[in-house]
Amino acid sequence: MSPKDRGARSEDLDAEIQSHLDMDARERVARGESPDDAAAAARKEFGNVGIVKEVTRDMWGGGGAEQLWREVRYAVRTLVRSPGFAAIAILTLALGIGANTAIFSVVNGVILRPLPYPDPGQLVLITSQFPTLGFDQFPVDAAEFLEFRERNRSFSNVGAYFSTAVNVGGQSSPARVTSALASASLFPTLGVTPEAGRWFTDQETLPNASPVALLSDELWRSNFGGERSIVGQKVDIDGVQTQVVGIMPKGFDVHDQGVRVWLPLTLDPDSINSYRGGHYLNLVGRLKPGISLATARVQLEPLLQHWREIDGGSPDPTQNRVHTPNTKNHRLRYDDLLTDIVGSAGRALWVLQAAVFLVLLIACANLANLLLMRAETRHKELVLRAALGAGRGRLVRQFLAESLVLSVAGAAVGLLVARWGLHALVLSNNAGIPRATRVGLDAHVLMYTLALALGTGVVFGLAPALRLNARSMSLSLREAGSRTTSHASAARVRRALVVLEMAMAVTLLVGAGLLLRSFEKLTRVDSGFDRSQLFTFNLVLPAATYADSVRRVALFEQIDNQLQQVPGVQSATAMSGLPPRRPVNANDTRFEGYVAKPGMPPQNVDYYNYVMPNYFSTMRIPMVEGRSFGPMDGAKSPPVVIVNQTLARLFYPGQSAVGHRIQPSGIVDTAQWFTIAGVAKDVKQGGVDAKTGTEIYLLDQQTPAYEGFAPRNMNIVVRSTLSRDALASSIRRIVASVDPGLPVVGLRSMDEVFDDALARPRFLAELLVIFAAVALALAAVGTYGVLAYSVAERRREIGIRMALGASEGGVLTLVLRQGMLLAGIGLLVGLAGALAVTRVVSSLLFGVQPTDPATFAAVGLFMLAVALVACVVPARRATRVDPLVALRLD
Amino acid sequence: MAKRHAPLTRIELLQGTLDLIILQSLRWGNRHGYGLLQIIRTMSHGVLQVDTGSLYPALHRLEKQGWIEADWELSENNQRVRVYRLTPAGRKQLAVERSKWEQFSTAVAEFFAAPPPEEA
């Protein structure tokens, strides 16, 4: 039936019923009634004309789509009649669905979206493991890369890269960007082709090849105007004129490091033995078609067993003549590339997704309660429809249509909330989650939102629909006219929903509380030095222009000296390693007279830090023993080192480390020993949440003489009472006066450096706290609503009690007890639920047990306080019931 | 004013029974909705009460099922009225429903007339 036919039939029906009313009225007039009375009586006899027409129209049937459209139109009409209810419901849903959509966008972009390569599931990150050193994931050396690529039978290709940073551009406006040195095989392995130009050739990765580079799409657009003509031209990279041979596709990035320049990784196959032991490469392999990661792991085991034999070494791993992988203390590790990139952020995101889903469930419970209460007040109408022959199916459909209209409208508004929320998330959290650039509202997210909308609509719409049971439908019209005093089962459902809401909110609160406490503990970890009024920035000297080590040291000294003359600067120093996110160096280091017995650590040091003489005083790192560097430590005087407490404890247990001698790796004269001059307090180099590693401090001034080298990459540290902006202009002026080609990079306060390192735990804790707060607010509103409704329902009873002499206090207690009982049960269920599920977040916690009693207790008290507030308002309203008015009701 | 029947003697129609009664009433002649209400009341001596509201959904349902048909006609007062008549299919349906009803009422009557069962 077309809508047009339907319209004509509706008019027919109107005429038919009008004729009925006319005939009845005429007969009544004939019996002596006045025309007005007769018309009114005829109407009264007929009943609710509107509903009769509607039920009659339902009998005409029609197609599924048409029926649906009718239900929807009817639902919209009904909702428009109660705009307050509709607005509350749509807003609640918009928040719930919007938050879910926003978080799912992140989960989708970061975890679910495959890597942008063909067959991304075949890509494997290959790293090394040193079980005896406690390194679980470590780079591999170049010899291992060349040999692995040659010898393995599981991968169709293997590429290698490592990331660093370069200065791009001429002397005038240099930019410091992340770069990567990559083997020519990396790109065929990944299966990408450059957007323009070409990839490196094998020849270009050999020593003495002319320098070439590929630019990222982002750098090409931002620094080179997006002109394709740049391909083939030369640009200045770290002082070297380098030919641009290609531009990478937009968003291309191997391990989410923001690489902007790709340079060839120069490897000489003839020098392979000189590469052994220098671990700095990450490998990406593409598994041959049909070979799974698990299969490959098994296939590759024999390779490890026989590696050193192929190189002419002894099969006995203790005969460590050649540094090669083996099955004991130098294993290779294979991880799915995407899984590795997502890393520990995955669990955090899933926890957020679960939390925000709980919020939505609580919102659904609230709406189910709202709809239940609405259904109670519409009971008469429902019974009437049923009596007129409207089937139960029709009524259920009607409820569902209403809730679906609400949820779809909520989802539509929710998408706006999600867009705004995502914007805020991405803005607030740049360093916290990997692959953040992939996050957005794509088709998958929209599907998810639609599914949520339909799912929530069904969930909260079914509650009142299911209440349309046989008993309530068999009530006759006359019975329906009088209000039944208490629908005990409906009240039970409402109370159960409130308990459930409270329980879910409590579980969320406990989770949020645990993460908040973890975060608070993380911020309170002693970093080992005084971070207040401390600023840092990074300088890298191009190798081409600073080939001479002595010149490098002199430049950093010069900058420090000039900075110290700036009024407001107390002191300035420099260090090669910037805490708290330093990658482990793990340098082999000899300890004089040390024999590694079983259970003793191998001769290896986690961190080498090259520093200026005033390093410890500027950083305010106390010396625990011995002395710090001083004027007596000249460039050519006997070499000294300072070690940290952890190293002293580990290698010199029960004795003083001062005076002992060690030999750093890579020194010029292998007969030269460095004397330990002092022991410094531990500094959290590898993260505030990590165990402190062993560390030695080497004097930058002594390195040219004894190590034949000095770092090009140094972090300048300034202690100053100036503001960052005031300091920044001085810093830029001084650096430019020394060498205008040096970009100042990453100028931040040390507090900001540490804050950035905690971006992810803060992000997680903040979002969870927001979700928990929303959950608690919803649960409180739900409790309030149910209690207020119950007070309204019991007005008569309360009136009688008061008429019989019950005091206000008594009535107050009566209502409060009812509400707090629900809250109490909800609290207990929630705490039990929290005990069961907080184990999931234990890997995200720091210094807090998943069963932390203080958190549980605080959440319990807080929740009871909120519940009390939610109960007091309806309870006070109950005390104001006027017995006379209440008794006159109905 | 006509005397109303005491509520106790009125019988609420079960759903389904109303269909049977409508079909039977139309066997006696074509009628509009208001006329049907009157004849049902008259023929059952006021015992069977049809809720006005439920008559029209039932009529339109029966029409949809093809058991009755309707046309607009002019009443004796020159009023346009929608008049229903039984279709052949409706006649058959009436026979079926009626025989079911008779079986049911006979069974119930026999049940009540039966002597008490012997104690085991």
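This report describes the domains, the chain contact and the nonpolar cores of a predicted model.

## Basis

Residues are numbered from 1 along each chain as its sequence is written, and chains are lettered from A and ligands numbered from 1 in the order in which they are written. Because the model is predicted, local features need pLDDT of at least 70 and side-chain atom pairs count only at pLDDT 80 or more, while totals for chains, interfaces and linings use all residues.

## Domains of chain A

Chain A is divided into domain 1 (1-46), domain 2 (134-291), domain 3 (345-523 + 759-888) and domain 4 (542-741); the bounds come from an automatic or database domain assignment. The centres of domain 3 and domain 4 of chain A, taken over C-alpha atoms, are 57 Å apart.

## Contact between the chains

Chain B gives 19 residues to the contact and chain A gives 24 residues (contact: C-beta atoms, placed from the backbone, within 7 Å). On the chain B side, α2 (33-43), α3 (52-65) and β5 (80-86) each give two or more residues, and α3(B) gives the most, with nine residues. Helices (H or I, at least four residues) and strands (E, at least two) are DSSP runs, numbered from the N terminus.

## Nonpolar cores

A nonpolar core is a set of buried Ala, Val, Leu, Ile, Met, Phe, Trp, Tyr and Cys residues joined through C-beta atoms within 7 Å; buried means that 20 or more other C-beta atoms, placed from the backbone, lie within 10 Å of a residue's own. The largest core has 229 residues, and V359(A) and F771(A) are among those with the most contacts inside it. Helix α11 (residues 345-377) of chain A supplies the largest share of this core, 21 residues.

Beyond its neighbours within four places in sequence, F771(A) is in contact with A99(A), A355(A), V356(A), V359(A) and L508(A). A second, separate core of 30 residues includes V55(A), A390(A), L55(B) and L86(B).

How values were computed
Contact = placed C-beta atoms within 7 Å. Buried ≥ 20, exposed ≤ 12 C-beta atoms within 10 Å, placed from the backbone.
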